Number of protein chains: 2
Amino acid sequence: MKSVKIAILGCGTVGAGVADVFAMNADRIAVKAGRRIEVKYILDIRDLSGTPYRQFQVEDFSVIEADPEIEAVVETIGGAKIAYEFTKRALSAGKSVVTSNKELVASCGDELMALARANNVSYLFEASVGGGIPLLHPIDRCLSANELTGICGILNGTTNFILTKMIKEGIPFSLALKQAKDNGYAEADPTDDVEGKDACRKTCILASMLCGRHIRPELVPAEGITRVSLSDVHFAASAGYKIKLLGRVIKSDGGRVAAWVAPHLVREDHPLACVEDVFNAVMVSGNAVDDVMFYGRGAGKMATASAVASDVIDIVSSAPRTFNSFWEGPGDDLVTPPEELLSRWYVCFEAGRVPEGLGESLENPADRDRQAIITSEEYSALGIVKAAGGRKILSLLRVL
Amino acid sequence: MKSVKIAILGCGTVGAGVADVFAMNADRIAVKAGRRIEVKYILDIRDLSGTPYRQFQVEDFSVIEADPEIEAVVETIGGAKIAYEFTKRALSAGKSVVTSNKELVASCGDELMALARANNVSYLFEASVGGGIPLLHPIDRCLSANELTGICGILNGTTNFILTKMIKEGIPFSLALKQAKDNGYAEADPTDDVEGKDACRKTCILASMLCGRHIRPELVPAEGITRVSLSDVHFAASAGYKIKLLGRVIKSDGGRVAAWVAPHLVREDHPLACVEDVFNAVMVSGNAVDDVMFYGRGAGKMATASAVASDVIDIVSSAPRTFNSFWEGPGDDLVTPPEELLSRWYVCFEAGRVPEGLGESLENPADRDRQAIITSEEYSALGIVKAAGGRKILSLLRVL
């Protein structure tokens with residue numbers, strides 16, 4: 001059986017996981033791909049002595065770039081600087097690239113997909129959204145008979161772990177964050193996760209797939225979970241809701257798209273409310289299929305490596321391609337602010353009762369002392385600030 | 001733009017839905033497929049006057065078979081007789097076939113896939129399991145780097161609707177079945193659904209994908225939900241479980257496979273426990289990705305048509321293929337009886353207390369009057385019948 005040689009850029013968690021998956025499941029993968037897939041190089045400048053990766057180590061990307069044996073390059077460096085440079089050089093050298101790098105895809109996926117097409121190679125990034133969960137390929141190929149109308153997902157495991165702790169164990173954000181760090185679910189600097197930036201990048205990738213143009217993170221408002229209090233969590237529970245950090249994309253008839261990341265109240269019998277701990281799930285809506293949901297591990301060494309390796313197998317066993325839901329050029333003109341959409345809001349006042357009439361038409365919990373669920377008309381048109389009558393608004397969260 | 005012509009066999013619910021999807025989303029589909037896809041024939045012998053399908057109607061399959069313009073045939077006749085005949089003739093005539101027909105695929109998918117390969121055309125059946133849910137393609141392509149170890153799914157919407165009614169509203173099976181009929185979720189003769197036969201066919205298709213050999217329904221034991229009582233439902237709730245009808249496939253190291261359909265107790269915080277009403281969901285386990293779950297509408301006109309139409313688009317836009325997880329020949333020798341697996345059981349005695357020692361090591365509910373959760377050793381080796389001491393056993397259900 002002929003073999004194909006690949007290179008892995010970056011021997012961090014995901015890069016090492018990809019090498020492990022190709023070693024662990026070599027026979028199975030050879031059957032699926034029709035050829036044996038062998039890791040020939042792992043690019044890293046750190047000391048890999050004493051690891052099984054040392055035998056493949058190179059420190060100079062030029063070696064990989066110039067080796068005609070290398071058909072595909074796995075980019076797991078992360079960030080949008082060196083990774084961007086090496087991806088462009090690999091594609092230009094006629095090598096397909098697979099990545100888990102959401103930051104790079106969200107910032108310049110359109111440019112890199114176009115470069116792949118121009119060089120008749122593939123640029124695939126299934127692992128960039130939802131980790132190991134099959135998501136982008138199914139959206140691209142299995143829902144292709146649908147006009148897709150929206151996407152709504154729990155896209156960040158760290159924040160979902162924290163919220164689950166707050167909901168199930170009643171512990172405050174700061175303590176839950178500490179537990180996430182202790183369990184290895186949060187970085188030393190958790191800003192990108194808890195401020196919603198990571199979820200924002202993934203939302204942008206999904207929004208771009210939906211509308212066929214590149215939706216930049218700069219145009220997608222992202223709010224994290226740092227302002228979610230235990231009081232909010234308890235109120236939500238009393239009204240039959242759980243608080244989840246959602247990335248949302250809603251396409252309107254004219255092809256315009258609203259995309260944002262924010263904590264939302266989700267009814268407790270909604271499938272997304274059942275997604276706990278570090279798990280991710282993404283609900284996709286189409287005009288024929290209605291709602292479908294994809295669930296699994298959104299991060300982690302082997303789960304992410306599963307998606308990366310499957311993309312490599314896809315490349316080896318089929319003609320070059322990007323996703324059919326290829327997107328091109330900036331779609332800035334398509335973006336509508338989420339505020340223009342009709343929705344419901346949960347509001348909590350600092351003191352005193354909820355003003356008369358506010359949210360009265362909606363199902364509200366017994367405790368109407370300070371908190372209510374209101375319509376977006378009440379939120380914007382009637383003016384929630386006016387209704388507050390000078391009192392401070394402690395929380396204002398969207399309701400799914 | 002060039003166009004491709006297709007034929008639909010059978011203008012029942014799904015067949016009409018496929019025609020509707022191609023009409024409704026024609027422009028979107030043309031972009032995805034690279035060509036316009038036009039329905040040229042609909043085969044049916046019933047009177048289609050007054051319907052939009054009349055203009056395409058033919059009553060003789062030979063017309064379709066002999067028309068060189070027809071590239072793909074959609075088979076939505078159902079059953080394994082005429083559908084089998086026409087599928088063989090279509091494939092032999094060099095036309096790809098797409099189907100939602102689980103009975104036909106479960107009974108002779110191996111033969112039809114082999115025939116498709118021999119004629120260099122495709123035989124695809126995404127819609128045969130899980131209706132509109134992307135499932136077989138993601139298993140086939142997006143999890144290809146994994147050694148798949150098991151599948152566990154809610155594969156029948158009718159029975160899930162009935163169980164949901166029993167659990168949430170406390171109404172008995174017979175009344176819940178009537179409501180399912182009234183809502184159009186159950187056939188006039190609901191036997192195939194409530195006895196687990198429909199779920200069994202889908203389980204066989206999944207089992208065949210997992211082990212690469214054809215697993216016949218005759219070798220897969222199937223128990224339905226007719227023996228599930230409200231008492232079982234209440235006990236399950238008191239112990240933190242919901243009762244779900246599951247199709248299960250477990251692959252052991254030697255490539256052997258256990259597959260069965262039966263009602264199971266599922267912990268209420270398990271993602272499958274959150275799947276309600278007519279929805280389906282399938283959890284797939286791989287050695288890299290861990291567990292992933294696919295959720296959505298497992299039946300219904302437009303959802304099923306979504307999957308069928310997406311398969312047609314896949315055929316039009318790529319090289320002929322069956323699933324990569326192509327399976328061949330009977331795999332009878334691979335099948336192990338599920339009784340050989342370690343598991344837990346829920347048992348309910350007709351009268352008197354649960355015998356001392358039975359299930360004591362397990363978490364059991366407060367009410368130990370007649371019911372307990374026991375290990376498979378207690379079930380088989382120690383002998384549950386002996387433990388019953390002559391008393392009748394009212395219920396014996398597996399615990400997931």
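Me: Are α4(B) and α5(B) roughly parallel or roughly antiparallel to each other?

Reply: This is a predicted model, where local features need pLDDT of at least 70, side-chain atom pairs count only at pLDDT 80 or more, and totals for chains, interfaces and linings use all residues. Residues are numbered from 1 along each chain as its sequence is written, chains are lettered from A and ligands numbered from 1 in the order written, and side-chain values use heavy atoms, without hydrogens and water. The axes (lines fitted to C-alpha atoms, with angles from 0 to 180 degrees between N-to-C directions) of the helices (DSSP runs of H or I, at least four residues) α4 (residues 82-92) and α5 (residues 102-118) of chain B come within 10 Å and cross at roughly 15 degrees. Angles under 35 degrees count as roughly parallel, so α4(B) and α5(B) are roughly parallel.

Me: How many residues of the contact of α4(B) with α5(B) are nonpolar?

Reply: Contact means heavy atoms within 4.5 Å. Residues including B:Y84 and B:L91 in α4(B) meet residues including B:L104 and B:L112 in α5(B). Two residues of this contact are polar and two are charged, while the nonpolar ones (Ala, Val, Leu, Ile, Met, Phe, Trp, Tyr, Cys or Pro) number eight.

Me: How many residues of chain A are in contact with chain B?

Reply: Chain B and chain A bury about 4,000 Å² between them (accessible area, 1.4 Å probe, lost on being put together, summed over both), with 51% of it on carbon and sulfur atoms. In contact with 49 residues of chain B are residues of chain A numbering 49.

Me: Which side chain meets that of B:D140 in a salt bridge?

Reply: The interface of chain B and chain A holds six salt bridges (Lys or Arg side-chain nitrogen within 4 Å of an Asp or Glu carboxyl oxygen) by the rule. In one of them, at 3.2 Å from N to O, the side chain of B:D140 meets that of A:K32.

Key:
Helix = DSSP H or I, 4+ residues; strand = E, 2+ residues; numbered from the N terminus. Parallel < 35°, antiparallel > 145°, perpendicular 65-115°, else oblique. Buried area = accessible area lost by both parts, 1.4 Å probe.
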